[in-house]
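Have the model open beside you while you read. This report walks through a sheet, a helix pair and some charged contacts.

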Amino acid sequence: MKDITHYIDIEKLTAPVNNLEAIILLSTGKEEQALKDHFIDQVIINTNEEDADKAKNIDFYIYTNKNKPNKFNTTYLEKIFKSVTYKFLSVPNNKDFYFHPHQVKNLTEAQLKFYDFTHGQKSGPNYSFFRILHDLKEYNTSLMLESDCFLKPGWINNTWNYTKHCNGFWVSGAKYSGAARCDTDPLELLTKHINGGVCLYATGDYHFQQFIKLMENFLIDVMEDFPAYPYDYIIPMMIWAYVNSEDTNYYQLGRYVEKYYCFNNLISNLSVELDSSLDPEEIFRLYKYKILHKKPFSYKKFTK
């Protein structure tokens, strides 16, 4: 493990104070037009007066790869948010990929030499995650969203209130609540991690930004043994490693991160393909979400 004292002075850590200042739509650049329209429809249908009142003080960003132009209809977003801005990532071509293990096995020797697997088989999102969080360091707290989200009225207002009054977090989101299982993983990462693509982050917290640098180095080390892991598996792995360390600094940081790695009930995560046929209204009956991360089985307007 990297020496954490190069990144964080344990004696200077303080409790985080959060205020929602930015909302970020993460775009792969490969979404079908129907999925892009789905997201905008969800915002239009489910943004009430209280949401709009909070939105006027929030900046909205759409992050995508500059090599993959991908336009959303931002007319309504521009009416309610303080600003709407496209941010284009400069992901190197040899890092811009997302492979499943079986795909890697079928790569040619030339392809294996071309692709840089430093950030693993899911290099595109793994590499981008750290660049985006660093880019948002001027915003106290940022909400990440993906296009395959379903919303409910109050999605901005309730998230704003939670952020303001929950008494602090570094990361806050949803663990997986769907039908998929992975019984062979002793850390239960599938069901115990917070989904990173639809999640709140304390992006303006100096020590969190330092922790993100430490996290990227940890991820790079993990990729040597677990190259298929996504970036959002890394924090629970760090917590486990740190709280089981005999080094006092690691132990104290592990307990601190564990406290401020917070599950919340505003967001629900059923984003595995296995759950795509579930009706969002049935999920709402069980979980009463404000933001649901789930692949649509069709792009109809579920919410009336």
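## About the model

This is a predicted model, in which local features need pLDDT of at least 70 and side-chain atom pairs count only at pLDDT 80 or more, while totals for chains, interfaces and linings use all residues. Residues are numbered from 1 along each chain as its sequence is written, and side-chain values use heavy atoms, with hydrogens and water left out.

## The sheet

Let's begin with the strands. Helices (H or I, at least four residues) and strands (E, at least two) are DSSP runs, numbered from the N terminus. Two strands count as paired if DSSP finds at least two bridges between them. Seven strands make up an open, mixed sheet in the order 3-2-1-4-7-6-8. At its edges are strand 3 (83-89) and strand 8 (261-263), each of which pairs on one side only. On average, neighbouring strands are turned by 30° against each other, direction ignored. Axes here are lines fitted to C-alpha atoms, for helices over the stretch in contact, and angles run from 0 to 180 degrees between N-to-C directions.

Which strands does strand 7 pair with? Strand 4 joins strand 7 through three bridges, and the two run antiparallel; strand 6 also pairs with strand 7 in the antiparallel sense, over four bridges. Strand 7 is largely enclosed by the rest of the structure, because eight of its eight residues are buried. Buried means under 20% relative accessible area, exposed over 50%, and partly exposed in between (1.4 Å probe, protein chains only).

Helix 6 (residues 123-135) lies across strand 1 (20-26), strand 2 (59-65), strand 3, strand 4 (141-146) and strand 7 (194-201), and runs at about 140° to strand 3.

Two packed helices are described by the angle between their axes and the distance between the axes. For helix 6 and helix 9 (residues 206-222), the angle is about 165° and the axes are 10 Å apart. These two helices are therefore roughly antiparallel (under 35 degrees is roughly parallel, over 145 roughly antiparallel, 65 to 115 roughly perpendicular, and the rest oblique). The contact (heavy atoms within 4.5 Å) includes Phe-129, Phe-130 and Leu-133 of helix 6, and Phe-208, Ile-212 and Leu-219 of helix 9.

## Salt bridges

A salt bridge is a side-chain nitrogen of Lys or Arg within 4 Å of a carboxyl oxygen of Asp or Glu. The count comes to nine salt bridges. One of them joins the side chains of Asp-53 and Lys-56 at 3.0 Å, N to O; Asp-53 is partly exposed, with a relative accessible area of 39%.

Asp-116 forms a salt bridge with Lys-95, their closest N and O atoms being 2.8 Å apart. Asp-116 lies in the loop between helix 5 (109-114) and helix 6, and Lys-95 in the loop between strand 3 and helix 4 (101-105), so the pair ties together parts that are 21 residues apart in sequence. Lys-95 is buried at 12% relative accessible area.

How far apart in sequence are the parts that Glu-281 and Lys-152 tie together? Their side chains meet in a salt bridge of 2.9 Å, N to O. Glu-281 lies in helix 12 (residues 280-287) and Lys-152 in the loop between strand 5 (149-151) and helix 7 (155-165), so the parts tied together are 129 residues apart in sequence. Glu-281 is partly exposed at 30% relative accessibility, whereas Lys-152 is buried at 8%.
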